[in-house]
Amino acid sequence: MIDSFAFNIPFISIFLAMIAAIITPLLPKQNRIPENLSCCVIGIIGILSAYLLYALTNSGQSLSFNFKIGNFPVPYGNELKAGPLEAVLSLFFSLSMLLSLTGNFSSTEEDIAPNRRQLFCVLVNLIMSSLLAMTYTNDIFTAYVFIEISTIAACSIVAVKESPETARAALRYLVMSLVGSGLILIVICLLYNLTGHLIMQNMHIAIQVLVSAKSYIMPLTVSLALITTGLAVKSALYPFSFWLPDAHGSSTNLSSAILSGLVLKGHIFLLIKIFYRVFGLDVIHALRMDTVIFILGLLAMIMGSVHALRQTNVKRMIAWSSVAQVGYIFLGVGLNTTAGIAAACLHIIVHACVKPMLITAAGGLSNAAGHKKGLHALMGTFYSNVWAGLGFMAGAFSMMGIPAFAGFASKLSLTMASFDHPVIVWSLAALAASSVLNALYYVPAVIVILTHNKNMNNNFSAPPPTRLYKISMTCFLALNFYLGLFCMPLLRLITRGVNVL
Amino acid sequence: MNEEIKAIWKSLFDWVMGNGPRPENEVIPDEPPPDLPFTRKPKDKYSRFHEATLKERYNQWLEIHGLHMFSSLYSGISVLTCIVIVSLLLATVSELPSLSDERNLANNEIIRRYVERGGKETGAQNIVAGLILNYRAFNTFGESAVLFTAAVSVLMLLGASRRNNADDEQSMKGNDSGKNFMQRGPPSVRLHTFRRDDAILRGTASISIPVILIMGCVIIINGHLLSGGAILSTALILCANAYDFERVHKFFNEQIFITITSTSLMIYALSNIFNGGLILLPNICIGLIVAGTLYGFYALLSEGEI
C-alpha cells in the first residue's frame with residue numbers, strides 16, 4: 001500500500017494551487033513576488049506528483065486509489081481518484097506550466113501592464129488548479145465546476161493583452177466556450193436524471209444496467225453526443241476549432257503556451273475519462289461515438305495542416321498546427337482500444353511539452369526580429385537568438401515526427417495502436433498525409449529562420465535572451481529528447497494507468 | 001537532369017526568399033502595405049476603356065451584396081440550428097423517466113439518505129444548506145472560486161486599465177513605489193457623469209438602506225437557514241446610485257474588495273481542508289464573496305472602477 005502522505009497528494013496539489021491563487025491578491029506586488037510564488041507552487045506540485053508516481057509504481061498490488069473529500073463516503077460525498085496516468089499527466093502539466101512561465105517571463109513583462117500582472121498570476125494559478133482538479137476528479141459535477149473556472153480564466157488571459165484583435169478573439173472564445181459549458185451542464189443533468197449518480201463509477205454501473213435492458217437508449221445517445229460536442233468545442237476538435245487561431249495567435253506568448261499546451265489537454269483528458277469511466281468502451285462502440293470521433297480526428301489532422309499552410313503569421317501557423325495535433329489525440333481516442341487511448345495520452349503529454357516550447361521559441365524569434373510576427377520577418381533570426389532557433393527547430397521536427405524527437409514517439413505509438421484495428425488503412429494514410437503536410441509548413445519556416453538575411457536592419461539590436469530563457473529552453477529541449485528517445489517506459493506506465501482508469 | 005534539379009531548387013529558394021516569378025509591369029513596394037480589407041485601395045486601371053473581367057465583377061458584386069447575403073444566411077442557419085437542438089432536447093426530455101416512477105434509477109439511496117438523515121448528520125436546519133455546505137462542500141467551494149475568478153478577471157480587464165499612466169511609469173521605474181501603487185491617482189473619467197441629486201431617490205434610499213443592510217446581515221448570519229449574500233450588495237448599489245459613487249468609495253474601494261473576497265475564500269478553503277462539518281462559517285464567507293462580487297461587477301461595469 002502507499003503511504004499516507006502520497007495518499008493525500010491529489011488533494012494537496014489541487015488546494016496548493018487554489019490557495020496560491022487566493023493569497024496572491026493579498027501579497028505586495030513588488031519584486032515579482034506573485035510570479036515567484038506561482039513558479040514555486042507549480043514546482044512543488046511537480047515534485048509532489050513525481051513522488052506520487054514513485055509511490056504508486058512501488059506500491060505493489062493496487063495501482064490506483066480513491067480519496068474521499070469531506071465527511072461522507074462515496075455516493076454521498078465527493079471523491080478524487082488517482083492512478084499512474086493521473087500522476088504522470090499532472091507531473092508533465094506542472095513541468096510544462098513551470099517552463100512556460102519561466103521561459104516567457106520577459107515577454108510577459110513587455111506585453112502586460114504592471115498593474116495587471118498580479119491578477120494575471122492569480123488566473124494562471126487558478127488554471128493550474130482547475131487542470132489538476134479535472135485530472136484527478138472522480139465526480140462529474142466537480143469536473144464541470146472546474147471547467148467553468150478554466151473557461152473564465154482562459155478567456156481573461158487571452159484578453160489581458162490590450163489590442164483590438166485580442167478583445168475580439170477573447171469574445172469569440174468566450175461565446176464558443178460557454179456554448180460548450182452549457183452543453184456539458186445539460187448532459188450532466190440528463191445523466192443524473194437517468195442514473196441518479198454523479199460519481200463516475202456508479203454512473204457506469206447504472207448505464208450498464210440501462211444498456212443491457214435496452215431502455216433509454218435515445219437519451220443516452222443524445223447525452224453522449226452532446227457531452228462529446230461540448231468537450232470537443234473546448235478542446236478545439238476541427239469543425240469547432242475556429243476560435244482557436246484567433247485566441248492563441250493574438251494573445252501574449254505565455255497565454256498561448258498555457259492555452260495550447262495545457263487547457264486543451266485538460267478537457268481532452270476529461271473526455272477520455274468520461275468515455276472510459278462513465279460510459280465504458282463497449283457502450284461507446286455500441287452507440288457509434290468512436291467512429292464519429294475517429295472521422296473528426298482524421299478531418300482535424302488534415303484540415304488543421306491545410307489551414308496552417310495558408311498562414312503568414314508564425315503564431316497563427318502554430319495555432320492551426322495545434323488543431324492538427326488535437327486531431328491526432330482524437331484519432332487515438334477514436335480507435336476505442338486501451339492501446340489507442342494510451343497512445344492518445346502519450347500524445348497529450350508530448351504536445352503539452354512541445355507546443356509551449358514552440359510558442360516560447362517563436363516568441364523569442366519574433367522578439368529578435370523586432371516584434372514582427374510575419375514569417376518573412378523572421379529571416380535569419382536563428383543567428384540573433386540561437387536558443388530560440390534551436391527550440392523552434394526541435395519543436396518543428398517533433399511536430400513532423402522525425403525520429404529522436406518527441407513527436408516521433410507518439411506517432412509511432414498511434415501507428416502501433418492502429419495495427420490491430422479494422423481502420424488501419426485510414427489511420428495510416430491520414431498519419432502519413434498529415435506528417436507530409438506538417439513538413440510542408442514547418443520546413444519552409446525552419447529554412448527561413450536559418451537563411452542569412454542580407455538586408456537586415458543593422459541599427460536595430462534585439463535584447464539578448466535572458467539567462468532564465470536559456471535555462472527553460474534547455475529544459476524544454478531535454479524534455480523533448482527524453483520523450484523522443486526513452487518513451488517506452490512511459491508508454492508502459494500509461495498503459496498500466498489506462499487499465500486502472 | 002542536373003539542370004532540372006537545379007531549377008527546382010532555384011524555384012524553392014525563390015519561394016522561400018519571396019522572389020518568385022513576377023509580372024514585368026509589377027511595381028515592388030519598399031514595404032509590404034498593410035493588408036486590411038477596409039484600407040485596400042482600388043487598383044489603377046491601365047486604360048480608360050478597361051472592361052471588368054468576370055472575377056472583378058464578381059468581387060464588385062460581393063463588395064456590395066456580400067455582407068447582406070452573409071448576414072441573412074447566418075441568421076437563417078442559426079435559427080435552423082436552434083430549432084434542431086431545441087427539438088432534439090425536447091424529444092430527449094420527453095423520453096426521460098418520470099420522477100414518480102419507482103423503477104427510476106434516480107430514486108436511490110442517496111436521495112433517501114439526504115432527505116431522511118440530512119438534518120441529523122449535518123446539523124443544518126434546512127437540507128439544501130446541509131447538502132451544499134457539508135455533503136458536497138467541495139463543489140460549493142469550486143462555485144465560490146468561479147465567482148472569485150470572475151471578479152479577478154473583471155477587475156484585471158476593466159479596473160486596472162483605467163488607472164492613470166503615471167502610476168504605471170512609477171512602478172516600472174523602481175521597486176520602491178509600493179506606497180504609490182496602493183494610493184489612488186486623480187479620478188479617471190467616468191462613464192456616466194450625471195448629477196445624482198434626486199430627492200425622491202435619496203429619501204427612499206435613506207429609509208431603505210438601513211433596512212436592507214440589516215436584512216442582508218441577518219440573512220448572511222443565518223446561513224444555515226437562508227443562504228444568500230446578494231441583498232447586501234443591493235444596499236451598496238443603491239447607496240452608489242442615490243448618493244455619490246465617491247461616498248461608497250470611501251469605505252469600499254478596490255483594496256477592500258479584493259481583501260474581503262480573498263480572505264473569505266481563504267477561510268472557506270481552510271474550513272474545507274480541515275473539514276469539521278462547519279456550516280455557519282463557510283456560509284458567511286459565501287455571503288461576503290457574493291455580496292462583494294456583485295457590487296464589484298456593478299461598479300466596474302457602470303463606473304469603470306471600484
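Helix axes are taken here as lines fitted to C-alpha atoms over the stretch in contact, with angles running from 0 to 180 degrees between N-to-C directions. In the predicted model described below, the axes of α6(A) and α7(A) come within 9 Å and cross at roughly 175°. Since angles over 145 degrees count as roughly antiparallel, α6(A) and α7(A) are therefore roughly antiparallel to each other. On the α6(A) side, the residues that make this contact are A:I140, A:F141, A:Y144, A:I147, A:E148, A:T151, A:C155, A:V158 and A:A159. Sorted by class, the residues of the contact between α6(A) and α7(A) comprise 15 nonpolar, 4 polar and 1 charged.

The complex as a whole is assigned an ipTM of 0.91 and a pTM of 0.86 by the predictor. The contact between the two chains involves 56 residues from chain A and 49 residues from chain B. On the side of chain A that touches chain B, at least two residues each are supplied by α1 (4–23), α5 (114–136), α6 (140–159), α7 (164–195), α9 (217–234) and α18 (424–450) of chain A. Of these elements, α6(A) gives the most, with 10 residues. The residues of chain A on this side divide into 38 nonpolar, 14 polar and 4 charged.

Chain A also contains a pair of strands. Strand β1 (residues 65–69) and strand β2(A) pair in the antiparallel sense over 5 bridges, and within this arrangement A:F65 stands opposite A:A82 of β2(A). Strand β2, spanning residues 78–82 of chain A, is mostly covered, with 5 of its 5 residues buried. In a regular strand the side chains alternate between the two faces of the sheet. In β2(A), A:N78, A:L80 and A:A82 point one way, whereas A:E79 and A:K81 point the other way, and all of these residues are buried.

A:S322 is located in helix α14, which covers residues 314–335 of chain A, and A:S322 counts as buried because 26 C-beta neighbours lie inside 10 Å, the threshold for burial being 20 or more. When neighbours within four places in sequence are left aside, A:S322 is in contact with A:L244, A:H248, A:S260 and A:K355. The C-alpha atoms of A:S322 and A:P245, which are 77 residues apart along the chain, are separated by 8.8 Å.

Backbone torsions were examined next. Most residues other than glycine have a negative phi. A:R288, however, has a phi near 65°, a positive value in a residue other than glycine. A:R288 lies in the loop between α12 (281–286) and α13 (289–309) of chain A, and this residue is exposed, with 12 other C-beta atoms within 10 Å. A positive phi is also found for A:A404, at a value near 80°. A:A404 belongs to the loop between α16 (386–400) and α17 (406–417) of chain A and is partly exposed, with 13 other C-beta atoms within 10 Å.

Chain B contains 12 helices and 0 strands. Of its 306 residues, 25% count as buried, and among contacts in chain B between residues at least 6 apart in sequence, 67% join residues at least 24 apart. The pLDDT of chain B averages 75, and 73% of the residues score at least 70.

B:Y295 is placed in helix α12 (residues 280–302) of chain B and is buried, with 23 other C-beta atoms within 10 Å. Leaving aside neighbours within four places in sequence, B:Y295 is in contact with B:S233, B:L236 and B:I237. By contrast, the C-alpha atoms of B:Y295 and B:L133, which are 162 residues apart along the chain, are separated by 24 Å.

Methods. Residues numbered from 1 in each chain as written. Chains lettered and ligands numbered in written order. Helix = DSSP H or I, 4+ residues; strand = E, 2+ residues; numbered from the N terminus. Pairing = 2+ DSSP bridges. Contact = placed C-beta atoms within 7 Å. Nonpolar A, V, L, I, M, F, W, Y, C, P; charged D, E, K, R; others polar. pLDDT = per-residue confidence, 0-100. Parallel < 35°, antiparallel > 145°, perpendicular 65-115°, else oblique.
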